[in-house]
Each structure stands twice: as C-alpha cells, then as structure tokens.
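Q: I've got this one open and would like to talk it through. Could you take my questions as they come?

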Amino acid sequence: MQKGYDYSISFMRVCAMLFIMICHLGSHFKLTAIGQFFNIGVPIFFLVSGYLYGDKDIKDIKNWIKQRAIRLYVPLLLWGIIMTAAMVVRGNQIPSFKEYIFFLLNLHGLNFIFYRMKDLAMGPWFFTVIMVCYLMTALYFIVRKHFKNLDKSLFYYGGIIPLAGFIILVYLGVNLSGLLCYMIGFGLKKRALLSKKRPRNIYVSVIVFILTINIWLISRRFIDGTIFYNQIIAPMSHVLIAVAFFIGVKWLFDQIPKPLNIIVSSKIFRWIDKISIFVYVCHDWYLDPLFVDVFALNLPIIWSILIFFLLAFITASGMSLIGEGITKGLKKVAA
C-alpha cells in the first residue's frame with residue numbers, strides 16, 4: 001500500500017465507472033428505473049474530481065491547464081479516431097464537418113449544458129463538462145489572489161450559493177449539475193467536512209439518502225415527464241444520492257481502513273482504476289451494432305454480461321497503453 005494515499009477515492013472512481021456501465025445496461029434493456037438510479041455514477045465522478053483539488057494551491061495555472069488538457073484530449077481523440085474508422089469500415093455516414101470542429105474544440109457536450117441547443121451527436125459529453133470544471137478551477141485560483149474571503153463566500157452553509165445558482169440557471173435552460181457536483185466535492189475537501197473528527201457525517205449521509213430516494217420515487221410516480229421533474233428533481237436527486245454515497249464511503253474507509261485499503265490497493269483494482277476513463281468512453285461500443293451488440297449474439301444473458309465487461313476492459317486497457325505513449329510525448333512537447 002502507498003502511504004498517505006486516499007484509497008477511498010480510487011474505490012469511488014471504480015464504483016462510478018461500474019455504475020455508468022450498469023446504467024447503460026439498464027437503458028439498453030429498457031429498465032428505466034435501473035438506468036435512472038445508476039446514473040449517479042456521473043455525479044460521483046464529478047464529486048471525486050472536485051474533491052481532489054479542494055486542498056490544492058495551484059500557482060502555475062498555465063502549466064496546470066496544459067496538463068489537464070492533455071489528460072482530457074488523449075482519450076477523447078482516441079475515441080474520435082476509432083469511432084471514425086469504424087464508421088468508414090461499416091459504411092456509416094460520418095459526422096458533419098461542423099460536428100468535428102465542435103468535437104476537436106471539446107464543445108460537443110454543450111447540448112448537455114444548454115437544454116435548447118441542438119444535439120451535436122458526437123463525442124462523450126462529460127469531457128466538455130469536466131473541461132468547464134477545470135476552467136472554473138483555474139478562474140477560482142486567479143480570483144482568490146484578489147479576494148481573501150472567496151472560500152467563505154462560496155462554500156459557507158454547505159455551498160448554498162452554488163446550489164441557488166444552479167436552480168436559477170435551470171429555469172434559464174442551463175444545466176450545470178456536473179459543475180455543481182464538482183464544486184460540492186471541492187467544498188467538502190476545502191472545508192474539511194469529511195474529517196474523522198466529524199463522526200455524525202454518516203447519519204447525515206443516511207438521512208439524505210433516504211429522504212432523496214423517497215422524494216425521487218414520489219416525484220417519478222406523479223410528475224415524471226414534466227420540466228420540473230426532468231430538469232430539477234431528477235438531476236438534484238442524482239446529486240444528493242451521490243453526495244450521500246460519497247460521505248458514506250469516506251466514513252466506511254475511516255472506520256475499517258486496513259481491509260478496505262488492502263483490497264483497493266490490489267493490482268486488479270489499481271488496473272481498473274487506471275483504465276476507468278477509457279472504460280467510460282468505450283464500453284457502449286459493445287451495446288451498439290456499429291461495433292458489436294453482445295446481447296444480439298443469442299448467448300445466455302449472464303455470458304453476454306460477462307463478455308460485455310470483458311470486452312470493455314480489454315479495449316480500455318489497449319487504449320490506456322496507447323494513451324500513455326501519446327501523453328508522454330505531449331508532456332515533453334509542453335514542457
């Protein structure tokens with residue numbers, strides 16, 4: 001085990017990845033409830049990303065942005081190259097020039113931020129959102145140099161200012177739930193709200209989880225399909241459930257750290273954590289006829305599920321190896 005390393009973060013990254021895979025499996029089989037619930041993998045991913053920077057003091061912002069850009073663009077461009085090649089081989093119509101421009105600028109996920117924007121139909125949307133999170137982080141560190149009370153203003157009373165801003169923007173057709181999760185994770189770390197000295201966190205986690213599940217189920221029963229449900233209740237339920245999960249996992253690792261750290265520090269767990277970003281971008285290739293729909297092979301369902309996970313992990317491992325080589329080259333150029 002690596003001394004001082006927070007293995008709960010690795011655990012949650014892997015959980016987030018698996019939840020997204022289960023979410024897409026649920027959607028594939030039209031199991032709406034499963035698909036909607038396990039979509040919490042996305043806010044967990046953003047919570048973890050924000051939490052990692054909550055205690056950082058980034059001085060060389062320009063270099064930090066370069067490093068983040070490399071981290072984002074390597075898997076993104078690999079996805080684009082492989083997808084384009086597959087479309088050409090299968091004779092499918094490739095995306096338009098405009099869509100490629102948006103993709104290369106990492107703006108293809110804008111339609112997930114702006115509800116009224118036309119679907120750009122190309123690229124994993126969360127890369128655009130995490131880019132916005134990184135840019136906002138850079139802006140935060142720039143502004144903080146001039147405003148000493150910035151931390152207190154943003155994160156006091158559990159981050160009520162970001163939450164209020166999110167609700168207002170929803171009514172303007174702007175969805176910043178990913179950024180909200182990122183800021184919550186950032187604030188949790190910044191204000192040390194999950195330290196071992198705060199044992200009541202687990203009770204907060206359980207209460208938030210139970211209340212949110214009930215509100216979500218009741219709302220889904222009576223107002224599903226409305227703008228209020230789709231744009232406020234559903235995304236905020238995902239955010240709150242993800243926060244409850246996050247707090248619960250941190251508490252669990254505080255209570256029984258040794259056995260959990262041993263499991264998460266194992267080679268197989270570290271390997272899955274390492275390739276998780278590539279699993280995000282490639283796993284749905286095996287739910288789509290463009291590559292191979294493993295569930296159309298007429299195999300027993302359990303075998304199809306195992307093959308689905310196996311192909312995703314093998315593909316992600318290959319992409320990760322290629323990505324490492326490209327990343328090393330780009331870092332030398334950027335240095």
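Q: Which residues does Ser320 touch, leaving out those up to four places away in sequence?
A: Ser320 touches Lys274, Ile275 and Phe278, where a contact means heavy atoms within 4.5 Å. This is a predicted model, in which local features need pLDDT of at least 70 and side-chain atom pairs count only at pLDDT 80 or more, whereas totals for chains, interfaces and linings use all residues. Residues are numbered from 1 along each chain as its sequence is written, and side-chain values use heavy atoms, with hydrogens and water left out.

Q: And where is Ser320 placed?
A: Ser320 lies in helix α15, residues 301-334; helices here are DSSP runs of H or I with at least four residues, numbered from the N terminus.

Q: Does Ser320 count as buried or exposed?
A: Ser320 counts as buried because its relative accessibility is 6%, the cut-offs being under 20% for buried, over 50% for exposed and partly exposed in between, with a 1.4 Å probe and protein chains only.

Q: Switching to α3, how many of its residues are buried?
A: In α3, 12 of the 13 residues are buried, so this helix is largely enclosed by the rest of the structure; among them are Pro43, Phe45, Phe46 and Tyr53.

Q: What does α3 reach from its first C-alpha to its last?
A: Helix α3, residues 41-53, reaches 19 Å, close to the 18 Å expected at 1.5 Å a residue, that expected span being 1.5 Å times one less than the number of residues.

Q: What about the whole chain, how many helices and strands?
A: The protein chain has 15 helices and zero strands, and of its 335 residues 46% count as buried.

Note on methods: Helices (H or I, at least four residues) and strands (E, at least two) are DSSP runs, numbered from the N terminus.
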